Amino acid sequence: MVLGKVKSFTVSYDCLNDSNVPVFSSGDSVSGRVIIEVTGEIRVKSLKIHAKGFAKVRWTESRNAGSNTAYTQNYTEEVEYLNHKDILIGHERDDDNSEEGLTTIHSGRHEYAFSLELPQTPLATSFEGKHGSVRYWVKAELHRPWLLPMKTKKEFTVFEHIDINTPLLLSPQAGTKDKTLCCWFCTSGPISLSAKIERKGYTPGESIQIFAEIENCSSRMVVPKAAIYQTQTFYAKGKMKEVKQLVANLRGESLSSGKTETWSGKMLKIPPVSPSILDCSIIRVEYSLMVYVDIPGAINLSLNLPLVIGTIPLHPFGSRTSSVSSQCSMSWLGMGLPERPEAPPSYAEIVTEEQRQSSLDVPAAREELDGPLFAYIHEFRFQPPPLYSEIDPNPDHASRTEERRLDACPSR
């Protein structure tokens, strides 16, 4: 009898999304097929699958132990998220080469279905970094007598969803800084920076609206800029390794001495990037928006605003909330003033004369409450509030304060 040959041996997933990409989350069912195409007939002891998911970090550092001695220190760590085994054909034992219990696969294409449940506990999002990774895959092994096992493996993607429609991730992020430049015994004026974004959470493909004011009271030419950074942090054996990468950036106009620049919602688009990883004990992926002033010959003046890159985009209600906060951002930076409020209603419009007179008569049922305290409360129950006035009672003090503010920088 002439034995056949295995023409192809692959793993395929049943994708539930429109993009036909195997993407899953914790608690999802991962299903697929092991596809075997053979010419002729083959005899098989077993067909097994092994699904595994883990986070792993690894890096090396050189150490000096003396004047002529050096060695390399390895740092490795691993966290397991998934470990599932199943037998699709045959039995567990594969160490014998007996002819008993063999399964014959005839010529042609054959598919063997498999299914497994991902853990309900939070899983780390799939990730590939410089010193570590988070990977999930299904490996199939075909065991035949007197032959080495055939193996094939295919990865799938896991997203631990981050919903940016939460109060924490919808809250605005803001900051203010200033810097005074010194050169020998001369001191120039300060450089000030104020920046704000309407929320903390975004998804890839969105644009961040940056509201900022940069004021240059120094004697140098400066350039305002903004950039999104990704920070990868790896942990192993009590040590930490950090990698910082530029994701996107923009540049403003150069500012000469005494000039001010205002960003009224300058847009910076987030490219396709991995979501934030915040729940893995050995790998963290974090993002930040740096708004900074590039100062020649000096350390830059910078503001770091934290970002979280999520997987569930902003809902319509969240977008209305964000638009309201963006409208208020101009006022926050001192670039606009709210409208003058209307005067409150008068006392006579709220409390009638009949109500006020009736309140002056203490009910008999409350005679046991008579005393200094009750008399005090009763007396002021319907008394009118102080007269409303839009005239500042201390105009001289306010004008002196405003004059001091106007003298702070020539650009104002």
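Reply: The model is predicted, so local features need pLDDT of at least 70 and side-chain atom pairs count only at pLDDT 80 or more, whereas totals for chains, interfaces and linings use all residues. Residues are numbered from 1 along each chain as its sequence is written, and side-chain values use heavy atoms, with hydrogens and water left out.

We begin with the aromatic rings. The whole structure contains six aromatic pairs; rings of Phe, Tyr and Trp (its six-membered ring) pair if their centres lie within 6.5 Å, and planes under 30 degrees apart count as stacked, over 60 as edge-to-face and the rest as tilted. One of these pairs joins Tyr 13 to Phe 156 in an edge-to-face arrangement, with 5.6 Å from centre to centre and 70 degrees between the planes. This pair links distant parts of the chain: Tyr 13 belongs to strand β1 (residues 5-13) and Phe 156 to strand β11 (residues 150-158), 143 residues apart. Strands (E, at least two residues) and helices (H or I, at least four) are DSSP runs, numbered from the N terminus. Tyr 13 is also buried, because its relative accessibility is 6%.

Phe 156 has another ring partner. The ring centres of Tyr 136 and Phe 156 are 5.9 Å apart and their planes meet at 35 degrees, so this pair is tilted. Here, too, distant parts of the chain are linked, since Tyr 136 lies in strand β10 (residues 132-143), 20 residues from Phe 156 in β11. Both Tyr 136 and Phe 156 are buried. Together, Tyr 13, Phe 24, Phe 114, Tyr 136 and Phe 156 make up one aromatic cluster.

A proline also belongs to this picture. Pro 22 is found in the loop between β1 and β2 (23-24), and its relative accessible area of 15% is the reason why Pro 22 counts as buried. In sequence, Pro 22 and Phe 156 are 134 residues apart, yet their C-alpha atoms are 5.4 Å apart in space. Not counting residues up to four places away in sequence, Pro 22 touches Tyr 13, Cys 15, Glu 155, Phe 156 and Thr 157 (contact means heavy atoms within 4.5 Å).

Strands β1, β3 and β8 form an open sheet in the order β1-β3-β8, with antiparallel pairing. Strands β1 and β8 (108-117) stand at its edges with a single partner strand each, so one side of each has no neighbour in the sheet. From one strand to the next, the twist averages 15 degrees; axes are lines fitted to C-alpha atoms, for helices over the stretch in contact, and angles run from 0 to 180 degrees between N-to-C directions. Ten bridges join the antiparallel strands β3 (residues 29-39) and β8, where two strands pair if DSSP finds at least two bridges between them. Across these strands, Ser 29 has Glu 117 in β8 as its bridge partner. In general, strands of a sheet pair through backbone hydrogen bonds, either parallel or antiparallel.

Strand β10, which holds Tyr 136, has a partner as well. Twelve bridges pair β5 with β10 in the antiparallel sense, and Lys 48 stands opposite Glu 141 in β10. Strand β5 (residues 46-64) also pairs with strand β6 (residues 70-90), antiparallel, over 19 bridges.

Methods. Buried means under 20% relative accessible area, exposed over 50%, partly exposed in between (1.4 Å probe, protein chains only).
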